[in-house]
Amino acid sequence: KAGVTQTPRYLIKTRGQQVTLSCSPISGHRSVSWYQQTPGQGLQFLFEYFSETQRNKGNFPGRFSGRQFSNSRSEMNVSTLELGDSALYLCASSFSRQGEAFFGQGTRLTVV
Amino acid sequence: KNQVEQSPQSLIILEGKNCTLQCNYTVSPFSNLRWYKQDTGRGPVSLTIMTFSENTKSNGRYTATLDADTKQSSLHITASQLSDSASYICVVTPNYGQNFVFGPGTRLSVLP
């Protein structure tokens with residue numbers, strides 16, 4: 001059974017650019033959540049999608065957005081990148097909204 | 001406000017020794033509490049999951065306990081190995097609102 005796949009694994013962008021990260025959940029999982037993790041910080045919740053609808057949103061500016069497709073794959077987009085957006089972005093999928101969450105390996109974003 | 005605190009922030013032990021990590025939470029009511037292990041630069045991996053009515057759960061050398069009255073959980077690692085060096089994250093699932101509340105993690109280093 002394939003795990004959660006995040007692409008790309010590493011990304012370098014310059015300030016002001018935008019970026020799109022992709023997450024393919026475990027087959028059959030309909031809930032996808034996104035998190036930001038920076039050095040010294042715990043996991044910060046970005047948003048949760050279930051059945052193509054955003055169910056919860058964390059305390060992040062509107063530059064962070066996401067969507068979920070009918071096959072449960074999800075993308076998150078960050079516009080007008082800032083240096084502080086450099087982080088490990090993790091995606092987690094679960095069968096139900098409060099079921100066990102399985103994490104991907106993450107996308108390491110560096111903004112220069 | 002739903003919060004999860006963990007202690008100590010970091011811990012260094014010698015290979016073969018035991019250790020106990022603490023998690024205090026204010027999330028109430030909650031449906032379950034999880035412990036995750038996260039190796040540097042990788043996604044978290046689930047170690048144990050306990051419902052609010054369970055007191056203990058084991059997974060090999062990892063044993064988690066839960067005291068819902070005092071809102072405390074602990075993760076005990078027996079006969080530590082070098083591969084146990086990682087961050088350990090306590091996660092509580094509230095019954096309402098945000099799907100998961102993450103603790104900041106405890107960074108464990110096991111030395112030979």
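Ala, Val, Leu, Ile, Met, Phe, Trp, Tyr, Cys and Pro count as nonpolar, Asp, Glu, Lys and Arg as charged, and the others, Gly among them, as polar. By these classes, the lining of the largest pocket has seven nonpolar, nine polar and two charged residues.

This is a predicted model, in which local features need pLDDT of at least 70, side-chain atom pairs count only at pLDDT 80 or more, and totals for chains, interfaces and linings use all residues. Residues are numbered from 1 along each chain as its sequence is written, chains are lettered from A and ligands numbered from 1 in the order in which they are written, and side-chain values use heavy atoms, with hydrogens and water left out.

**Interface of chain B and chain A**

- Chain A and chain B each bring 20 residues to the contact (heavy atoms within 4.5 Å).
- About 1600 Å² is buried between the two chains, and carbon and sulfur atoms give 48% of that area; buried area is the accessible area (1.4 Å probe) that two parts lose on being put together, summed over both.
- On the side of chain B that touches chain A, β4 (30-38) and β9 (86-94) of chain B each supply at least two residues (strands are DSSP runs of E, at least two residues, numbered from the N terminus).
- β4(B) gives the most to this side, with five residues.
- This side of chain B has seven nonpolar, 11 polar and two charged residues.

**Largest pocket**

- The volume of the largest pocket is about 550 Å³. A pocket is an open set of points on a 1 Å grid where a 1.4 Å probe fits, with protein on both sides within 12 Å along at least five of seven lines; lining residues have an atom within 4 Å of a point. A volume is the space filled by probe spheres set on the points.
- Of its 18 lining residues, L43(A), Q44(A), N2(B), V101(B) and F102(B) lie nearest the centre.
- β5(A) gives the most to this lining, with three residues.

**Second largest pocket**

- The second largest pocket holds about 470 Å³ of space.
- Its lining has 19 residues, of which Q37(A), T38(A), G40(A), Q41(A) and S87(B) lie nearest the centre.
- The lining divides into four nonpolar, 12 polar and three charged residues.

How values were computed. Helices (H or I, at least four residues) and strands (E, at least two) are DSSP runs, numbered from the N terminus.
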